[in-house]
Amino acid sequence: MKMLMYIVVFVILFNGCMANTEADKLIEKSCKTISEFLFVNSIPHFEKDCVATLKENPESQKARNIDDLIMVGANNAMSNLTNLKRTVENIIKERKYKSSLSKKLLEECLKLYSKSARLLTSGLNKLKKGKFEKAQFDIGDADEAPIFCELKFNGDNQQISPVKKENNILLTMIYVPDVFIILREKL
């Protein structure tokens, strides 16, 4: 009886390890493919960040195909956006900005984040229904928040974005499901 239990445990552990290896290979192959995609090359360390953010999410270990990774990536983007929005709200609330102009720009960023949150939510709902092409439009448009937020803090107005790094990470996280959908047939 003990021997049977050992065999069952071994089989379960072996299958779990094989599943993790399969998911890791899928993540690495998919991130490598999209990092070679034309416009993504402009983002430093995209492939490394893509792999890291997907592997960080335990749900990615259940991924067996690109559609599963798209859902994980979209959920990662939504979670990151929510955290960034909370960070900016705290900066404003705790008055950790440099000037009243910075405060105004951060408030404008919050509006952009809210719009992107609506777009990502809509995209996620479409993904759940299997409407990948329609979801791609919403997810693709969600990238406006980190882009336009950073553009508000330009050299002309002498303001420095307190969330530049976070916006860059968010942009990468939005590009992951967006480009996965675009290249879905090739992955």
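Predicted model: local features only at pLDDT ≥ 70, side-chain atom pairs only at ≥ 80, totals over all residues.

**Bridges and bonds**

Reader: Thanks! Which side chain does glutamate 108 meet in a salt bridge?

Author: That would be lysine 152, with 3.0 Å from N to O. Lysine 152 sits in helix H6 and glutamate 108 in helix H4, 44 residues apart. Lysine 152 is partly exposed too, at 26% relative accessible area.

Reader: And what does lysine 115 pair with in a salt bridge?

Author: Lysine 115 meets glutamate 144, at 3.3 Å from N to O. Lysine 115 lies in helix H4 and glutamate 144 in helix H6, so this pair ties together parts 29 residues apart in sequence. Lysine 115 is partly exposed at 38%, and glutamate 144 is partly exposed at 26%.

Reader: Why can side chains like these pair up at all?

Author: Opposite charges can pair when the charged atoms of the side chains come close.

Reader: Nice. How many salt bridges does the structure hold?

Author: There are 11. One of them joins arginine 184 and aspartate 67, with 2.6 Å from N to O. Arginine 184 is in the segment after helix H7, while aspartate 67 is in helix H3, 117 residues apart.

Reader: Is arginine 184 buried or exposed?

Author: Buried, because its relative accessible area is 19% and the cut-off for buried is under 20%. Aspartate 67, at 24%, counts as partly exposed. Asp67 and Arg184 also belong to one network with Glu133 and Glu185, joined by salt bridges that share partners.

Reader: Switching topic: how many disulfides are there?

Author: Two. One joins cysteine 31 to cysteine 50, with the sulfurs 2.0 Å apart. Cysteine 31 is in helix H1 and cysteine 50 in helix H2, 19 residues apart. Cysteine 31 is buried at 0% relative accessible area, and cysteine 50 is buried at 0% as well.

Reader: And which cysteine does cysteine 109 join?

Author: Cysteine 149, again with an S to S distance of 2.0 Å. Cysteine 109 lies in helix H4 and cysteine 149 in helix H6, so the pair ties together parts that are 40 residues apart in sequence. Both cysteine 109 and cysteine 149 are buried.

Reader: Which of the links is left-handed, and why?

Author: The link of cysteine 31 and cysteine 50 is left-handed, because the torsion about its S-S bond is about -70°. The link of cysteine 109 and cysteine 149 is right-handed, with 95° about the S-S bond.

Key: Residues numbered from 1 in each chain as written. Heavy atoms only, no water. Disulfide = S-S within 2.5 Å. Helix = DSSP H or I, 4+ residues; strand = E, 2+ residues; numbered from the N terminus. Buried < 20%, exposed > 50% of the residue type's maximum accessible area, 1.4 Å probe, protein only. Salt bridge = Lys/Arg side-chain N within 4 Å of Asp/Glu carboxyl O.
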